[in-house]
Amino acid sequence: MEWIILVVAGLFEMFAVMMMNQWHHTKTKESLLLMIASFAVSFICLAVALETLPMSLAYAIWTGIGAAGGALIGIMIYNEPKNAKRIFFLSLIIIAVIGLKVLD
């Protein structure tokens, strides 16, 4: 169950980063409130997952999901560059996150 909570924390981290970008472009209260709420849910879920998972493992996976997810959202939604080098290094992050789970 803690793994599911950790993945949910990472997904909310991704959404919060997307809302942060949205807020920088629009400056609406809605995007600001969604960003704050998403970060709060993300941190709460991470804290719950840390009750049973080791901090080094949980934080690395949470950060990896947020970083890779944020970059993928940038590529897919905000038309950021999607060259082979970016895709390669994003793949490394994703492989590392999967590797950490497999080793646990």
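User: What is the chain built from, how many helices and how many strands?

Analyst: In this predicted model, the chain has four helices and zero strands, and reading along the sequence gives the pattern α-α-α-α.

User: And what does the C-alpha trace span along its principal axes?

Analyst: The C-alpha trace of the chain spans about 40 × 35 × 15 Å along those axes.

User: How much of the chain counts as buried?

Analyst: The chain has 104 residues, and 34% of them count as buried. The accessible surface of the chain is about 6600 Å², and carbon and sulfur atoms account for 75% of that surface.

User: Which share of the contacts joins residues at least 24 apart?

Analyst: If you take the contacts between residues at least 6 apart in sequence, 64% of them join residues that are at least 24 apart.

User: Let's look at helix α2, then. What should its span be, and what is the distance between its end C-alpha atoms?

Analyst: Helix α2 covers residues 29–49, which is 21 residues, and at 1.5 Å a residue the helix should span 30 Å; the C-alpha atoms at its ends are 30 Å apart, so the two values agree.

User: Which residues of α2 are buried?

Analyst: The buried residues in α2 are S31, M35, S38, F39, S42, C45, L46 and A49. Around the axis they cover an arc of only 135 degrees, and therefore they sit on the same side of α2.

User: What about the other side, and what covers the buried one?

Analyst: On the other side of α2, the residues K29, E30, L33 and I44 are exposed. The cover over the buried residues of α2 includes α1, which is residues 2–26, and α3, which is residues 55–76.

User: Can we pick one of the buried ones, say S42? What is S42 in contact with?

Analyst: S42 belongs to helix α2, and it counts as buried because its relative accessibility is 0%, where the cut-off for buried is under 20%. If its neighbours within four places in sequence are left aside, S42 is in contact with A9, F12, E13 and W62.

User: And why does I44 count as exposed?

Analyst: I44 is also placed in helix α2, but I44 has a relative accessible area of 54%, so it is exposed, given that exposed means over 50%. I44 and I5 are 39 residues apart in sequence, while their C-alpha atoms are 9.6 Å apart in space.

User: Where is L11, and how far is it from G70?

Analyst: L11 is in helix α1, and it counts as partly exposed because its relative accessibility is 46%. L11 and G70 are separated by 59 residues in sequence, and the distance in space from C-alpha to C-alpha is 9.5 Å.

User: Changing topic to the loops: which value does phi have at K27?

Analyst: K27, in the loop between α1 and α2, has a positive phi of about 60 degrees, although K27 is not a glycine. As background, most residues other than glycine have a negative phi.

User: And what is the phi of N79?

Analyst: N79 is in the loop between α3 and α4, and α4 is residues 84–103. The phi of N79 is near 55 degrees, again a positive value in a residue other than glycine. With a relative accessible area of 67%, N79 is exposed.

How values were computed:
Residues numbered from 1 in each chain as written. Predicted model: local features only at pLDDT ≥ 70, side-chain atom pairs only at ≥ 80, totals over all residues. Heavy atoms only, no water. Helix = DSSP H or I, 4+ residues; strand = E, 2+ residues; numbered from the N terminus. Buried < 20%, exposed > 50% of the residue type's maximum accessible area, 1.4 Å probe, protein only. Contact = heavy atoms within 4.5 Å. Areas by Shrake-Rupley, 256 points an atom, 1.4 Å probe, with all protein chains shown as cover. Expected span 1.5 Å × (residues − 1). Arc of directions from axis to C-beta.
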